[in-house]
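Please read each point with the model open.

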Amino acid sequence: MDCVFCEIIKGNIPSTKVYEDEFVTAFNDLNPQMPVHVLIVPKKHIASANDLTEEDAVLVGKVFLAAKAIAEKLGLENGYRIINNCGEDAGQTVKHLHFHMLGGKSMGEKII
Ligand code: AMP
Ligand code: ZN
């Protein structure tokens, strides 16, 4: 399997890790769109949000608990935004489920 995030999780591709636990890892995005742009990635290879199954329900909760811990660690006390791109129309480029965590300044524009 040729998956860049699985290789990062295994340590075969370097990354700047900001958080890790049993279920998820989180590292800085290579192409940051905000002062803080972290990718929160489940260690289990799941291609997209649309490939989640009932047995992954707890794992998704772990992602949001990790976000809370990362926010505290990185000083995002004013808030942050979490985005998941799922599939082609959303422009998902890496086919391993991940959540963009953005923060570090006020986000003027909102899509929704
Ligand atoms: P998406 O478009 O939602 O699939 O987001 C994929 C994200 O992964 C993009 O923001 C890329 O900048 C980021 N990315 C791709 N390869 C790496 C890498 N090796 N290390 C860190 N971030 C990466
Ligand atoms: Zn993977």
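1. Basis of the model. The model is predicted: local features need pLDDT of at least 70 and side-chain atom pairs count only at pLDDT 80 or more, whereas totals for chains, interfaces and linings use all residues. Residues are numbered from 1 along each chain as its sequence is written, chains are lettered from A and ligands numbered from 1 in the order in which they are written, and side-chain values use heavy atoms, with hydrogens and water left out.

2. For comparison, the ideal angle for four tetrahedral donors is 109.5 degrees.

3. Helices (H or I, at least four residues) and strands (E, at least two) are DSSP runs, numbered from the N terminus. Cysteine 6 is buried, at 11% relative accessible area, while histidine 45 is partly exposed, at 29%. Buried means under 20% relative accessible area, exposed over 50%, and partly exposed in between (1.4 Å probe, protein chains only).

4. The loop between S3 and H2. Serine 48 is located in this loop and is buried, with a relative accessibility of 8%. Its side chain has a polar atom 3.0 Å from the backbone nitrogen of asparagine 50, and a polar contact of 2.8 Å links the side chains of serine 48 and aspartate 51. A polar contact is a pair of N or O atoms within 3.5 Å; within protein, one must be able to donate a hydrogen and the other to accept it, and residues adjacent in sequence count only if both atoms are side-chain atoms. Leucine 52 also lies in the loop between S3 and H2 and is partly exposed, at 30% relative accessibility.

5. Surroundings of ligand 1. The shell around ligand 1 holds 16 residues, the closest being Asp29, Asn85, Thr93, His98 and His100; a residue is near a molecule if one of its heavy atoms lies within 4 Å of it. By type, the shell divides into seven nonpolar, eight polar and one charged residue. Helix H1 (4-10) and strand S2 (24-28) each contribute at least two shell residues, and H1 gives the largest share, with three.

6. Polar atoms facing ligand 1. An oxygen atom of ligand 1 is 2.7 Å from a backbone N or O atom of threonine 93, and an oxygen atom of ligand 1 is 2.9 Å from a polar side-chain atom of histidine 98. A nitrogen atom of ligand 1 lies 3.2 Å from a polar backbone atom of leucine 30. Of the 500 Å² of accessible area that ligand 1 has on its own, the protein covers 82%.

Note on methods. Areas by Shrake-Rupley, 256 points an atom, 1.4 Å probe, with all protein chains shown as cover. Nonpolar A, V, L, I, M, F, W, Y, C, P; charged D, E, K, R; others polar.
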